Amino acid sequence: MSDKTKSVALDDVSKRIIELLQQDGRRPYAEIGRAVGLSEAAVRQRVQRLTDAGVMQIVAVTDPRQLGFARMAMIGIRTAGDPREVAEAVKAFDEIAYVVVTLGTFDVLAEAICETDEDLLELVSKRVRAIPGVTHTESLIYAGLHKDFYNWGTR
């Protein structure tokens, strides 16, 4: 999600709607309504409120390799100063799919999805390292993707 995520109190019905959509994002609202005891229109409204609030997104999850993106890597970034400023700059790059600020060996972790090794090299050496405050980068090249899921449920 994003920094714009608003704090939204989720009742059991909203949580169940989220779980059903995590299982199948194309599940019809009428079917969800039957499962949670609401009308199709009421489910549609709840889903809209949840997406507007940034609680969830409904997207097509793809395998980047099958779309021509042969090089994936996690980039560990050390910074001088506020790592949130570096994270904001890194997230602007189209090749970056995921950015988090951490409290460990690296200050920022960013997942890159590139077409080629040359594209990854250009991203890291010319663009990420040029961001003010970046002092060190380490790229962890993915040799294989073994698990990538989004259906962890709700609490």
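The model is predicted, so local features need pLDDT of at least 70 and side-chain atom pairs count only at pLDDT 80 or more, while totals for chains, interfaces and linings use all residues. Residues are numbered from 1 along each chain as its sequence is written, and side-chain values use heavy atoms, with hydrogens and water left out.

**Stop 1: helix H1**

Select residues 12–23, which form helix H1. Helices (H or I, at least four residues) and strands (E, at least two) are DSSP runs, numbered from the N terminus. The end C-alpha atoms of H1 are 17 Å apart, which agrees with the 16 Å that its twelve residues should span at 1.5 Å a residue. The expected span is 1.5 Å times one less than the number of residues.

Which residues of H1 are buried? They are Ser-14, Lys-15, Ile-17, Ile-18, Leu-20 and Leu-21. Buried means under 20% relative accessible area, exposed over 50%, and partly exposed in between (1.4 Å probe, protein chains only). The cover over these buried residues includes H2 and helix H3 (40–52).

**Stop 2**

Axes are lines fitted to C-alpha atoms, for helices over the stretch in contact, and angles run from 0 to 180 degrees between N-to-C directions. Angles under 35 degrees count as roughly parallel, over 145 as roughly antiparallel, 65 to 115 as roughly perpendicular and the rest as oblique.

To display the contact (heavy atoms within 4.5 Å), show the side chains of Val-13, Arg-16, Ile-17, Leu-20 and Leu-21 in H1 together with Ile-32, Ala-35 and Val-36 in H2. By class, this contact of H1 with H2 has seven nonpolar, no polar and one charged residues. Here Ala, Val, Leu, Ile, Met, Phe, Trp, Tyr, Cys and Pro count as nonpolar, Asp, Glu, Lys and Arg as charged, and the others, Gly among them, as polar.

**Stop 3: H1 against H3**

Now select H3 with H1. Their axes are 11 Å apart and the packing angle is about 85°. H1 and H3 are therefore roughly perpendicular to each other. On the H1 side, Val-13, Ser-14, Ile-17, Ile-18 and Leu-21 meet Val-43, Arg-46, Val-47 and Leu-50 of H3. The classes in this contact of H1 with H3 are seven nonpolar, one polar and one charged residues.

**Stop 4: Arg-127**

Move to helix H5 (residues 117–128) and pick Arg-127. At 22% relative accessibility, Arg-127 counts as partly exposed. Apart from neighbours within four places in sequence, Arg-127 is in contact with Phe-93, Glu-95 and Glu-122.

**Stop 5: strand E4**

Select strand E4 (residues 134–141), where Ser-139 is placed; Thr-135 is also found in strand E4.

Is Thr-135 buried or exposed? Thr-135 is exposed, with a relative accessible area of 54%. Not counting residues up to four places away in sequence, Thr-135 touches Arg-78, Thr-79 and Ala-80. The C-alpha atoms of Thr-135 and Arg-78 are separated by 5.6 Å, although the two are 57 residues apart along the chain.

Ser-139 is partly exposed, at a relative accessible area of 31%. With residues up to four places away in sequence again excluded, Ser-139 touches Met-74, Ile-75 and Val-124.
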